Amino acid sequence: MKDQIRSVLVIANTVKPGAHELAGEIESYCIRRGLQAQVVLYDGEASSLPEKDGFDLAVTLGGDGTVLFASRVLAGHNVPILPVNLGDFGFISEVGHDEWQQALERYLAGGIDIGDRLVLDVEVLREGGRLCAFRGLNDAVVSSEGISRMVRLTVRLSDQYLGVYRADGVMVATPTGSTAYSAAAGGPILHPEMEAMILNPICPFTLSHRPIVIPPDEVVEIQIAQEQRTQVALTVDGQTMTPLVQGDTVIVRASPKKARIVRSDRRTFYEVLRSKLNWAGGLDD
């Protein structure tokens, strides 16, 4: 058995059919194995978790969104996450709903490794003070709030002026998030365990503004320029939203903490990538 695995947290997304029932099955299985287990129900909105330092493993039941939620709250507590997908295979949640027991047994026996994922620390500065802070596994997006309109954003990298972006928005994405909104906005796909960030303009007015892959020690500063024609907001992982005002600065940096995701031993990232993006790889006979 994996060292120090004594207590398991099961996070079940109740929006997914069968999640509550499967959570009960996993809880019973853990108890039979002599492990403590606790089930937390998550409905897709902000939810509180019990004391996080008391768990050695978390099992998420849902999709990639459920993993994003768990990663934000567990990244600072060194708790590995075993993601079980209750729908189509996700880019993060690669374990099928009928594979959970095999995956859990393999993990407890030391047969499956953990992959560390880069996480973003995001803070909003207003009038010289810190307004709020967030953590994200996928991305931080500064864009118009509501109806899509062009915004003006001044971007700096580690205090070096990069330029003024006139675009629908600007995002900073992690390698994990490179297959999500960033890919839809024309960004590159990175292996999820790489150490890098993607600075990606969303529908830029100037077509020469292209996505940039930057090292993890860069600090991205996005300032809301004056005289905006629309309301601007910060969205982290597509799940938390904060309205911004002119003069606000959004600071994005790689967190010293990592999200620890248990790898699937049934399929690799490249297999999931090929399947999800429907890459043929050659002509049919």
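I looked up the accessibility of Asp64 in this predicted model and found that, at 21% relative accessibility, Asp64 counts as partly exposed, the scale being buried under 20% relative accessible area, exposed over 50% and partly exposed in between, with a 1.4 Å probe and protein chains only. UniProt, in an unreviewed entry, places the feature "active site" at Asp64; I note that such annotations may be inferred rather than shown by experiment. Asp64 is found in helix α2, residues 64-74, where helices are DSSP runs (H or I, at least four residues) and strands are runs of E of at least two, numbered from the N terminus.

I then turned to Asn13, which is found in strand β1, residues 7-13, and counts as buried because its relative accessibility is 8%. Its side chain is joined to that of Thr66 by a polar contact of 3.1 Å (a pair of N or O atoms within 3.5 Å, one able to donate a hydrogen and the other to accept it). Leaving aside neighbours within four places in sequence, I found Asn13 in contact (heavy atoms within 4.5 Å) with residues including Ala19, Tyr42, Leu61 and Thr66.

Last, I checked helices α1 (residues 19-32) and α3 (residues 100-108), which pack at an angle of about 35° with their axes 12 Å apart, the axes being lines fitted to C-alpha atoms over the stretch in contact and angles running from 0 to 180 degrees between N-to-C directions.

For my records, residues are numbered from 1 along each chain as its sequence is written. Local features need pLDDT of at least 70, side-chain atom pairs count only at pLDDT 80 or more, totals for chains, interfaces and linings use all residues, and side-chain values use heavy atoms, leaving out hydrogens and water.
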